[in-house]
Amino acid sequence: MIKQLFLAATLACTFTFTANAATVLTAAQQTATITAHNKWRTAVAVPALKWSATLANTAQAWADNLKTTQACKPVHSKAAGLGENLFWASAMMYSDGTSKVQAVTPAQATDAWGNESKDYTYSTNTCTAGKVCGHYTQLVWKATTEVGCGKAVCADNTQIWVCNYTPAGNYVGQKPY
């Protein structure tokens with residue numbers, strides 16, 4: 001028996017950390033991340049995002065910080081000026097007590113945020129009561145032009161993904177597109 005759990009979270013914020021370049025997403029993962037983000041953006045006719053190495057380094061540094069200080073618990077950086085989406089995945093747990101890291105793709109993390117669109121109503125700029133839509137609205141925020149992401153895997157085989165966006169979105173009273 002395998003148990004899996006995903007959690008996503010978002011917040012507009014800014015901060016600066018320096019990540020170890022060896023830990024940032026691979027070129028293939030970067031491309032997959034941009035492709036996944038732009039699929040959602042194309043669906044609502046907003047401009048495509050570009051990859052930002054600076055944002056990726058910031059995101060990776062925060063993911064590494066969460067690994068070191070929070071055991072991969074999804075906690076926002078609370079920095080001003082950047083948008084931020086977090087994605088957490090549990091380890092794959094087996095009935096014999098062993099675990100391993102889930103093979104999460106950039107598309108899976110991005111789609112977890114994008115799938116919140118089913119609970120978002122554009123005409124009223126609201127989310128269904130009891131649901132979360134802020135990851136989705138950051139993902140498709142029209143004024144956002146760049147994204148950079150990182151991930152970390154903790155000792156218990158959980159993982160945390162962080163994507164940072166600039167300019168940030170999710171301004172109260174404003175529609176994303």
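**Cavity**

I began with the largest cavity and noted that it holds about 40 Å³ of space. The model is a predicted one, in which local features need pLDDT of at least 70 and side-chain atom pairs count only at pLDDT 80 or more, while totals for chains, interfaces and linings use all residues. Residues are numbered from 1 along each chain as its sequence is written, and side-chain values use heavy atoms, with hydrogens and water left out.

For my own reference, a cavity is a set of points, on a 1 Å grid over the protein atoms alone, where a 1.4 Å probe fits but cannot get out, and its lining residues have an atom within 4 Å of a point. Grid points are joined across faces, edges and corners, and the volume is the space filled by probe spheres set on the points. With a threshold of 30 Å³ or more, I count one cavity.

I then listed the lining of the largest cavity, which consists of T33, P106, A109, T110, W113, C149, W161 and C163. Helices (H or I, at least four residues) and strands (E, at least two) are DSSP runs numbered from the N terminus, and on that basis α3 (106-114) and β9 (159-166) each supply at least two residues of this lining. The most comes from α3, with four residues.

**Disulfides**

Next I looked up the disulfides, each taken as a pair of cysteine sulfur atoms within 2.5 Å, and the count is three. For burial I used under 20% relative accessible area as buried, over 50% as exposed and in between as partly exposed, with a 1.4 Å probe and protein chains only.

Two of the cavity-lining residues, C149 and C163, are joined by a disulfide with S to S at 2.0 Å. This pair links distant parts of the chain, with C149 in strand β8 and C163 in strand β9, 14 residues apart. Both cysteines are buried, and the link of C149 and C163 is right-handed, with 110° about the S-S bond.

The sulfur atoms of C72 and C154 are 2.0 Å apart in their disulfide, which is right-handed with 95° about the S-S bond. Here too distant parts of the chain are linked, since C72 sits in the loop between α2 (53-70) and β3 (83-89) and C154 in the loop between β8 (146-153) and β9, 82 residues apart. I noted C72 as buried at 0% relative accessible area and C154 as buried at 6%.

For C127 and C133 the sulfur atoms are 2.1 Å apart, and the 70° about the S-S bond makes a right-handed link. C127 is partly exposed at 27%, whereas C133 counts as buried at 6% relative accessibility. Numbering the bonded cysteines in sequence order, I read the pairing as 1-5, 2-3, 4-6.

**Helix α2**

Last I checked α2, whose buried residues are L55, A56, T58, A59, Q60, A61, W62, A63 and L66. Their cover, by contact (heavy atoms within 4.5 Å), includes β2 (50-51), β3, β8 and β9. After α2 comes A71, with a positive phi near 50°.

Note on methods
On a 1 Å grid over the protein atoms alone, a cavity is a set of points where a 1.4 Å probe fits but cannot get out, and a pocket is an open set with protein on both sides within 12 Å along at least five of seven lines; lining residues have an atom within 4 Å of a point.
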